[in-house]
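Reader: Could you take me through this structure slowly, starting with the general idea behind each feature?

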Amino acid sequence: MTDAVVSIEGLSIDYVVGAGRFRAVSDVSLEVERGHVVGIVGETGCGKSTLAQAIPRLLPEPPATIGGGKIFFEGRDLVQVPLWKMPAIRGTGINMIFQEPLNSLNPAFRIYDQVAEAVRIRRVRETNGGSVVRAAGSGPFDYSRRPDPSAGDAWSGKVVPGGAVQEVVHRKQVDRETGGTHGEIAEEVLSYLRLVRINDPETILNLYPHELSGGMRQRIMIAMALSEKPSLLIADEPTSALDVTIQAQVLTLMKELITEVNTSILFISHDLGVIAETADELGVMYAGKLVEFGPVAEVFASPRHPYTKLLLRAAPTRYKTDGPLLSIAGNVPNLSRPPSGCRFHPRCPIARPQCKGDPGPPLAPVEGASANHRSACFFASEVAQMA
Amino acid sequence: MESAPSSFPPAARTVSPTSRGRRTWIAVVGFFRVLRANPLTMAGFVIVVAIGVAALIMIVDPHLLTRYGPDQLTTSYNLPPSWAHPAGTDGIGLDIYSETLYALPLDLAIAFAIAGTAMIAGGGLGLVAGFWDKPGTVGGYVSIVVLRITDIFLAFPSLILALAIAVSLGRGVWQLIVAILLTWWPFYVRLVRGETLAVKHLPYVTAARAAGVTEGRIVLRHVLRNVLEPVVVYFKLDIGTVLVTLSTIGFVGLGLVYPSQAEWGSMMSYYQNAGLITAQPWTVLGPGVAIFVTVLAFSLLGDGLRDILDPRSRRVLAGTGSGSITAAQPAEPPLPAAEAPAAPEAPTAA
Amino acid sequence: MGRSPSDLGIFVGKRLVQLVPVLIGIIVLTFVFTHISVANCAVWYPHASKSTLANCQAQFSKPLTTQFWNYFVNLLQGNWGASVAGSPVYPAIATGLPATLELVFASLFLMIVVGIPLGVMAAQAAGRWGDHLVRVFYLTGWATPTYLGAVIAAIFLAPYLGLPSHGEFTSNPPPFPQYTHMSVLDALLAGNLPWTVDAIKHLVLPATVLAFINMGIATRMTRSSMLEVIPLDYVKSARMKGLPEFWVMYKHALRNSLITTTTVLGVTAGGLLAGTVVIEEVFGWPGIGAYAYTAIGGGGAAPNFDGAIAVVAVFAVGVVIANLIADILYGILDPRVDWR
């Protein structure tokens, strides 16, 4: 396989709740290649958020447990890494942006403090200085393979003279941990804020999150995440809580950043349109399983799984004059008692008796499609002819 | 294939509503299931029940639990604990264990009387002050007056005020009850008022009003029912606090007179003044342990129930998921101390 | 926004002004309550001289309003009255109050340093045995009546731990002038190290008992507000930045949950002050708690009405000020609050 930033193999995640144990994610395998955007799509409750949060081991481990599988990141299996070592990998290795801009920024701290914290963490790790954040035994991250985020000369020039920056930020002069003066760190904060297309970022440095709009907050979140220069950025429904116009702005921004920053992105969404715009590859999840995976254009043009096909068909287009809206009959299964075999078989129009048998269909490459187009259906080739 | 459009609405099936008896049974079973999941609360519940049973026994037939009568003097003085006298005897020959048990129903009765009356009186006042508080109306003025008076009362540490009142009233059961009651009712006013304020703007109250339900009925059926739940939980915790307060007053020497009336606080006061505690430390065992265990049991029960019933901790203890907007709502900016809704914390007592 | 330093001045000022009517109400109420019943001079002062009894009788037979007016007028002139035996109230309170404050601050310090981290740990271990342990711990403190805890500590723990259980110093009076009447502070100011250590040793047990009993509220409040904050997205963001769990909890999460915890300060103050009455009596600490104990007639002493009123009023004022401080702290900590 080509150079994959993160490679998930057979990952399963269980939740142990008083009532019992249920498997939120079953045997999921996918890779995110360097510089690519992989989208994960699915209904609410299909396990995509759980998957996203499990990669950096963000799930609280007592109710959630990893029931098997591997997550390879930079040569290490993250499942085997003990939780206390994970902070060293988070931030500069894997970073994440969340759904609700209201809650993603700490309401008690100013914008400058929050973004500067991220910048300082990265500088500490780069310079091998400080001691708090680095886990013992882990080597420094190799940034030589990635170019600095160049936001274009128009943006990164010294637009504001250093004096104005000093005025706005009241802090001690030299940062003891990283050796950077607070002027340097302030400059960097400002450059990342400009990276996400915030004009006049000096004006917002001293503000608190509740004084800003949702779109602004989401940009700041993106800036904060990118300022640590992660190899992998996980975006957990970053635009779902924004209204459509702001959503469009943030998506445009993200697309531009993808080319500028060279971070690989794992984009979780329930919105097919958003994924179509931004992703290179697409994975479809249903009831905790990955049912299809492949290049985005190909999956949209010729889906090879009944669920994907029905999903695409159910998405309403501009207008419809010939009858009721299409839906998929039935309901999403209860994950504590999933259907046997293929989880979609109760609702599948082309189900056959063998679909019920355990184990269900594996995620296997489909013939007549690109090399990495896979589908978890025994009859993937018939889907094209499905009515 | 496309799914055929299903008929809507689905054909009606008649289902009879569950009877009240059955619903009560379900509630009881649910309660016990919840208890079993929380061992500490279960322990509290069991001990409270045991104490209640013991109190009943002491009233009906004391000799089931103890060998001695209420003021029966034995000839053994100042004995350390033994089988015959599980907590020893004091300087005049009373068996400490028996005296402690005799004090149990009295202490419980006083505590319940105080807390219950405070709950009803203070709660009623809080309900009125919270519900009819439109500024400019009669209710509004009454509400403000009640609030100001409550604030002033609340400024006093409850124990201190109760002591001050007890000084002028003298010693005795009724004096004790009145003294503590006068300091206790404001807590309930604030609690109930806070809850009423929160509830009265809920959509279904407005809907009931729009449907033409009279104000009185709204208060009784809708508002009260919602307010009752946190109040009852608070009440359970409060019994413990009242008990501690009343025994502290006894200890200071302003409560009942021992040994003519057995009460845990006055017992401790008696021992302290007689210098018995230093000389024979086991005398603490009787009333001290009794108070401690009783209050602990009520507190475990109340505290546990409070956690169980609090919808926020319930959701969190259930699992993950990113915090939703509702969870992120910050506490309201501080209203002037007078109007701040009550945090349902029990008042502290010395 | 409305959060400049001058705005803060207005914020505090407004609340101080609200203090005055409450203060007057407190004095009136205390007076009413302590003079509620018919004068019973013979019972109160069984060993007093005839002239004292006559004095008492004359004082209490006046109508209540006259009595109050006399008292109030005297108060405004700075005369806080005296006990029946004649010892003036004001000096007793002036020397006793700082000592009590020292005790209260020491307890507050312990409550914060122990209680809040316990609350954080309970929230992190929600529903599991760590949570249960913390709950048992603070409920045990809650369920112990102050006198029981004080007596047990003084009689059983003190010799076992080798800590003194009486007074502020081992021998009184100390060899340096007591400017502040706070034992540790005075010894420090005098530069007298062995006496400072001695003072601290004497402070340990009473402060610990007081803190242990009242810790429940702080722990509980911290725990529940942490439980609210921990699942929020910004905590996850902080974790994803690469911060170790300790900093995620104590810098990001706690900072927000402290906002609601400070509101509890007012309630805590009441409990602490009330607790000093018994604790000072048992431990022989010369503060206004002990003064209150005897003024109120504890242990069979003759009631000191003027003293009782003064002490109760001082306590009430203390609670009101604590609430005020909590209110102000809330306004400072929560950046969403507008000070104007």
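Author: What follows covers confidence, a sheet and an interface. This is a predicted model, in which local features need pLDDT of at least 70 and side-chain atom pairs count only at pLDDT 80 or more, while totals for chains, interfaces and linings use all residues. Residues are numbered from 1 along each chain as its sequence is written, and chains are lettered from A and ligands numbered from 1 in the order in which they are written.

Reader: What average pLDDT does chain B have?

Author: pLDDT is the predictor's confidence in each residue, from 0 to 100. Chain B averages 74, and 80% of its residues score at least 70. Over residues 313-350 of chain B the value is below 50.

Reader: In what order do the four strands of the open sheet in chain A lie?

Author: Strands (E, at least two residues) and helices (H or I, at least four) are DSSP runs, numbered from the N terminus, and two strands pair if DSSP finds at least two bridges between them. In chain A the order is S2-S1-S4-S5, with antiparallel pairing. Strand S2 (20-33) and strand S5 (76-77) of chain A are the edges, each pairing on one side only. Strand S4 (residues 64-73) of chain A joins S5(A) over two bridges, and A:Phe72 has A:Asp77 in S5(A) as its bridge partner.

Reader: How many residues of chain C are in contact with chain A?

Author: Two residues are in contact if their C-beta atoms, placed from the backbone, lie within 7 Å. Here 18 residues of chain C are in contact with 27 residues of chain A. Helix H10 (233-240) and helix H11 (245-261) of chain C each supply at least two residues of that side of chain C, and H10(C) gives the most, with six.
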